[in-house]
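Here is a quick tour for anyone opening this structure for the first time. Have a look at the chain below, then read on.

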Amino acid sequence: MPHAEDGVDHARAEAAVRELLIAVGEDPDRPGLRETPARVARAYAETFAGLRQDPVQVLSTVFDEDHDELVLVRDIALYSTCEHHLVPFHGVAHIGYIPGADGRVTGLSKLARLVEVFARRPQVQERMTKQIADAMMTGLQPRGVIVVVEAEHLCMAMRGVRKPGTRTLTSAVRGIFKESQATRSEAMSLVLGR
(Lines give C-alpha, C1' and ligand atoms only; values in the text may rest on other atoms or scores of the structure.)
Protein backbone atom coordinates (compact mmCIF):
# COMPACT_ATOMS: atom_id res chain seq x y z
CA MET A 1 0.00 0.00 0.00
CA PRO A 2 1.93 3.09 -1.21
CA HIS A 3 -0.09 5.76 0.63
CA ALA A 4 -1.79 5.40 3.97
CA GLU A 5 -5.09 7.01 4.82
CA ASP A 6 -3.15 10.14 5.85
CA GLY A 7 -1.78 10.52 2.30
CA VAL A 8 1.81 9.67 3.25
CA ASP A 9 3.86 6.84 1.77
CA HIS A 10 5.13 5.53 5.12
CA ALA A 11 7.29 2.75 3.65
CA ARG A 12 9.11 5.22 1.42
CA ALA A 13 9.56 7.70 4.29
CA GLU A 14 10.92 4.93 6.53
CA ALA A 15 13.39 3.84 3.85
CA ALA A 16 14.57 7.43 3.41
CA VAL A 17 15.11 7.90 7.14
CA ARG A 18 17.01 4.63 7.31
CA GLU A 19 19.26 5.79 4.44
CA LEU A 20 19.80 9.15 6.13
CA LEU A 21 20.91 7.44 9.35
CA ILE A 22 23.40 5.35 7.37
CA ALA A 23 24.59 8.46 5.47
CA VAL A 24 25.46 10.29 8.70
CA GLY A 25 27.38 7.27 10.03
CA GLU A 26 24.76 5.67 12.29
CA ASP A 27 23.65 2.08 12.53
CA PRO A 28 19.87 2.02 11.98
CA ASP A 29 19.79 -1.57 13.31
CA ARG A 30 21.08 -0.76 16.78
CA PRO A 31 18.43 -1.04 19.52
CA GLY A 32 17.82 2.68 20.04
CA LEU A 33 17.30 3.33 16.32
CA ARG A 34 15.42 0.24 15.10
CA GLU A 35 12.00 1.89 15.37
CA THR A 36 13.18 5.40 14.49
CA PRO A 37 12.35 5.26 10.75
CA ALA A 38 8.73 4.30 11.51
CA ARG A 39 8.47 6.93 14.27
CA VAL A 40 9.86 9.63 11.96
CA ALA A 41 7.46 8.65 9.17
CA ARG A 42 4.50 8.96 11.57
CA ALA A 43 5.85 12.26 12.93
CA TYR A 44 6.28 13.68 9.43
CA ALA A 45 2.74 12.65 8.51
CA GLU A 46 1.52 14.77 11.42
CA THR A 47 4.05 17.58 10.96
CA PHE A 48 3.08 18.04 7.30
CA ALA A 49 -0.65 17.34 7.59
CA GLY A 50 -1.39 20.88 6.38
CA LEU A 51 -0.39 19.84 2.86
CA ARG A 52 -3.64 17.93 2.61
CA GLN A 53 -5.97 20.55 4.15
CA ASP A 54 -7.91 23.35 2.46
CA PRO A 55 -7.31 26.54 4.46
CA VAL A 56 -10.42 28.31 3.17
CA GLN A 57 -12.55 25.37 4.32
CA VAL A 58 -11.36 26.05 7.88
CA LEU A 59 -13.11 29.44 7.70
CA SER A 60 -16.41 28.09 6.39
CA THR A 61 -18.17 28.37 9.77
CA VAL A 62 -19.37 31.96 10.16
CA PHE A 63 -21.81 33.77 12.40
CA ASP A 64 -24.05 36.70 11.52
CA GLU A 65 -23.10 39.11 14.30
CA ASP A 66 -23.41 42.41 12.43
CA HIS A 67 -19.94 43.27 13.74
CA ASP A 68 -18.02 46.01 11.96
CA GLU A 69 -14.97 46.58 14.15
CA LEU A 70 -11.64 44.91 14.75
CA VAL A 71 -11.49 41.25 15.82
CA LEU A 72 -7.99 40.35 16.98
CA VAL A 73 -6.56 37.07 18.27
CA ARG A 74 -3.04 37.33 19.66
CA ASP A 75 -0.38 34.81 20.54
CA ILE A 76 -1.58 31.84 18.50
CA ALA A 77 1.21 29.30 19.08
CA LEU A 78 2.74 27.84 15.93
CA TYR A 79 5.25 25.12 15.17
CA SER A 80 6.48 24.77 11.62
CA THR A 81 9.37 23.34 9.63
CA CYS A 82 11.80 25.46 7.63
CA GLU A 83 11.78 24.09 4.10
CA HIS A 84 15.45 25.00 3.59
CA HIS A 85 16.88 22.75 6.32
CA LEU A 86 13.87 20.72 7.54
CA VAL A 87 14.47 22.11 11.02
CA PRO A 88 11.66 23.52 13.18
CA PHE A 89 10.74 27.12 13.77
CA HIS A 90 8.27 28.15 16.42
CA GLY A 91 6.56 31.26 17.67
CA VAL A 92 3.22 33.02 17.63
CA ALA A 93 0.85 34.51 15.10
CA HIS A 94 -1.46 37.45 15.64
CA ILE A 95 -4.47 37.81 13.32
CA GLY A 96 -6.81 40.76 13.14
CA TYR A 97 -9.63 41.47 10.74
CA ILE A 98 -12.49 43.88 10.24
CA PRO A 99 -15.56 41.99 8.99
CA GLY A 100 -17.06 42.80 5.62
CA ALA A 101 -20.28 44.72 5.05
CA ASP A 102 -22.31 41.63 6.00
CA GLY A 103 -20.90 41.70 9.55
CA ARG A 104 -20.09 37.97 9.53
CA VAL A 105 -17.39 36.68 11.88
CA THR A 106 -15.76 33.28 12.17
CA GLY A 107 -15.15 31.32 15.34
CA LEU A 108 -12.00 32.41 17.15
CA SER A 109 -10.67 28.84 17.15
CA LYS A 110 -10.88 28.88 13.36
CA LEU A 111 -8.11 31.47 13.24
CA ALA A 112 -5.86 29.15 15.25
CA ARG A 113 -6.77 26.27 12.94
CA LEU A 114 -5.92 28.41 9.91
CA VAL A 115 -2.46 29.12 11.31
CA GLU A 116 -1.98 25.40 11.92
CA VAL A 117 -2.91 24.46 8.34
CA PHE A 118 -0.15 26.68 6.94
CA ALA A 119 2.36 25.92 9.71
CA ARG A 120 2.04 22.17 9.10
CA ARG A 121 3.81 22.34 5.74
CA PRO A 122 7.43 22.74 4.68
CA GLN A 123 7.45 26.50 5.00
CA VAL A 124 9.16 29.86 5.15
CA GLN A 125 7.80 32.43 7.57
CA GLU A 126 7.39 35.17 4.99
CA ARG A 127 5.21 33.00 2.73
CA MET A 128 3.19 31.62 5.63
CA THR A 129 2.34 35.14 6.82
CA LYS A 130 1.05 36.09 3.35
CA GLN A 131 -0.83 32.81 2.95
CA ILE A 132 -2.73 33.34 6.20
CA ALA A 133 -3.71 36.89 5.16
CA ASP A 134 -4.77 35.80 1.68
CA ALA A 135 -6.85 32.88 3.00
CA MET A 136 -8.60 35.26 5.41
CA MET A 137 -9.44 37.60 2.53
CA THR A 138 -10.73 34.75 0.37
CA GLY A 139 -12.59 32.87 3.09
CA LEU A 140 -14.21 35.73 5.00
CA GLN A 141 -14.16 38.62 2.53
CA PRO A 142 -13.46 41.12 5.31
CA ARG A 143 -12.77 44.83 4.85
CA GLY A 144 -9.21 44.15 5.93
CA VAL A 145 -6.77 41.71 7.50
CA ILE A 146 -3.53 42.10 9.42
CA VAL A 147 -1.26 39.17 10.23
CA VAL A 148 1.93 39.38 12.27
CA VAL A 149 4.11 36.33 12.89
CA GLU A 150 7.01 36.24 15.39
CA ALA A 151 9.20 33.15 15.37
CA GLU A 152 12.54 31.69 16.36
CA HIS A 153 14.18 29.58 13.66
CA LEU A 154 16.23 26.65 14.88
CA CYS A 155 18.09 26.61 11.55
CA MET A 156 19.60 29.87 12.78
CA ALA A 157 19.80 28.96 16.48
CA MET A 158 21.33 25.48 16.43
CA ARG A 159 23.35 25.53 13.19
CA GLY A 160 24.93 28.08 10.88
CA VAL A 161 25.27 31.41 12.68
CA ARG A 162 24.10 29.85 16.00
CA LYS A 163 22.20 32.80 17.47
CA PRO A 164 19.53 31.33 19.81
CA GLY A 165 16.80 33.67 20.96
CA THR A 166 16.78 35.68 17.74
CA ARG A 167 13.19 36.28 16.63
CA THR A 168 11.94 37.17 13.17
CA LEU A 169 8.84 39.35 12.69
CA THR A 170 6.84 39.32 9.47
CA SER A 171 3.59 41.05 8.64
CA ALA A 172 0.99 41.07 5.91
CA VAL A 173 -1.76 43.66 5.58
CA ARG A 174 -4.72 43.60 3.24
CA GLY A 175 -7.69 45.86 2.53
CA ILE A 176 -8.32 48.72 4.96
CA PHE A 177 -5.15 47.92 6.93
CA LYS A 178 -3.12 48.58 3.79
CA GLU A 179 -5.10 51.65 2.79
CA SER A 180 -5.34 53.41 6.16
CA GLN A 181 -2.22 54.23 8.16
CA ALA A 182 -4.36 55.03 11.24
CA THR A 183 -6.18 51.68 11.13
CA ARG A 184 -2.90 49.81 10.61
CA SER A 185 -1.22 51.71 13.46
CA GLU A 186 -4.10 50.99 15.85
CA ALA A 187 -3.98 47.28 15.06
CA MET A 188 -0.19 47.11 15.33
CA SER A 189 -0.27 48.83 18.72
CA LEU A 190 -2.75 46.22 19.95
CA VAL A 191 -0.70 43.35 18.49
CA LEU A 192 2.65 44.50 19.84
CA GLY A 193 1.53 46.45 22.92
CA ARG A 194 2.37 44.02 25.64
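## Salt bridges first

A salt bridge here is a side-chain nitrogen of Lys or Arg within 4 Å of a carboxyl oxygen of Asp or Glu. By this rule the count comes to 7 salt bridges. Keep in mind that you are looking at a predicted model.

One of them links E83 and R127, with N to O at 3.0 Å. E83 sits in the loop between β2 and β3, while R127 belongs to helix α5 (residues 125-140), so the pair ties together parts that are 44 residues apart in sequence. E83 is partly exposed at 32% relative accessibility, and R127 is partly exposed too, at 29%.

Another salt bridge joins the side chains of R104 and D102, this time at 2.5 Å from N to O. R104 has 22% relative accessibility, so it counts as partly exposed, and D102 falls in that class with 40%. There is also a pairing between D75 and R74, at 4.0 Å, N to O. D75 is partly exposed with a relative accessible area of 40%, and for R74, also partly exposed, the value is 31%.

## The chain as a whole

Stepping back, the chain has 194 residues, and buried ones make up 42% of them. You can pick out 8 helices and 7 strands. Along the principal axes, the C-alpha atoms fill a box of roughly 60 × 40 × 20 Å.

V115 is part of helix α4 (residues 108-119). Its relative accessible area is 1%, under the 20% cut-off, so V115 is buried.

## Strands side by side

Now follow β3 (87-98). Which way do β2 and β3 run relative to each other, parallel or antiparallel? They are antiparallel, with 10 bridges joining them. One example is L72, whose bridge partner in β3 is G96.

β3 also pairs with strand β6 (residues 144-153), again in the antiparallel sense and over 10 bridges. Here Y97 has V145 in β6 as its bridge partner. As for cover, 10 of the 12 residues in β3 are buried, so the strand is mostly covered.

Most residues other than glycine have a negative phi. At 45% relative accessibility, L86 is partly exposed.

D66 is another case, with a positive phi near 50° in a residue other than glycine. D66 is in the loop between β1 (62-64) and β2 (71-82). With 66% relative accessibility, D66 counts as exposed.

## A negative patch

Which residues form the negative surface patch? They are D64, E65, D66, D68, E69 and E186. Of these, D64 is found in strand β1. Its relative accessible area is 63%, over the 50% cut-off, so D64 is exposed.

Methods:
Residues are numbered from 1 along each chain as its sequence is written. This is a predicted model: local features need pLDDT of at least 70, side-chain atom pairs count only at pLDDT 80 or more; totals for chains, interfaces and linings use all residues. Side-chain values use heavy atoms; hydrogens and water are left out. Helices (H or I, at least four residues) and strands (E, at least two) are DSSP runs, numbered from the N terminus. Buried means under 20% relative accessible area, exposed over 50%, partly exposed in between (1.4 Å probe, protein chains only). Patches are made of residues with over 30% relative accessible area and no salt bridge: like charges are joined within 9 Å, nonpolar side chains (Val, Leu, Ile, Met, Phe, Trp, Tyr) within 5 Å. Accessible areas come from the Shrake-Rupley method with a 1.4 Å probe; for residues, only the protein chains shown count as cover. Lys and Arg count as positive and Asp and Glu as negative; His and the chain ends are not counted. The place of a charge is taken as NZ of Lys, CZ of Arg, CG of Asp or CD of Glu. Two strands pair if DSSP finds at least two bridges between them.
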